[in-house]
Amino acid sequence: VSVLIGPELRTLMAGRKLFDAGVYVNSVLFPATPKGEGLLRISLNSIHTDEEIDEALRILTESVAAVGA
């Protein structure tokens, strides 16, 4: 799942906040995205519970809001 964040620095900051909270995502920047834009790539699999996914989404929402994206 790819989540468009916006400017590269905000993407990296959001990715770090997620990592610090225990949610691993990949930050994707140029040349895989247009220059100046970034996204977070999230991997899900069948062993993730609904509760884990809900918690990850809560952390994602808070992290992205914290960096102003």
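User: At roughly what angle do the axes of H1 and H2 cross?

Analyst: This is a predicted model, in which local features need pLDDT of at least 70, side-chain atom pairs count only at pLDDT 80 or more, and totals for chains, interfaces and linings use all residues. Residues are numbered from 1 along each chain as its sequence is written, and side-chain values use heavy atoms, with hydrogens and water left out. Axes are lines fitted to C-alpha atoms, for helices over the stretch in contact, with angles from 0 to 180 degrees between N-to-C directions. The axes of H1 and H2 come within 9 Å and cross at roughly 140 degrees.

User: Which residues of H2 do Ala-14, Lys-17 and Leu-18 in H1 meet?

Analyst: Contact means heavy atoms within 4.5 Å. By that criterion, Ala-14, Lys-17 and Leu-18 of H1 meet, in H2, Ile-59, Leu-60, Ser-63, Val-64 and Ala-66.

User: Which residues of H1 are buried?

Analyst: Buried means under 20% relative accessible area, exposed over 50% and partly exposed in between (1.4 Å probe, protein chains only). Strand S1 (2-6), strand S2 (26-28), strand S3 (38-41) and helix H2 (50-66) are among the elements covering the buried residues of H1. Those buried residues are Thr-11, Ala-14, Gly-15 and Leu-18.

User: Which exposed residues does the face of H1 turned away from its buried side carry?

Analyst: Helices (H or I, at least four residues) are DSSP runs, as are strands (E, at least two), numbered from the N terminus. On H1, the face turned away from the buried side carries the exposed residues Leu-9, Arg-16 and Asp-20.
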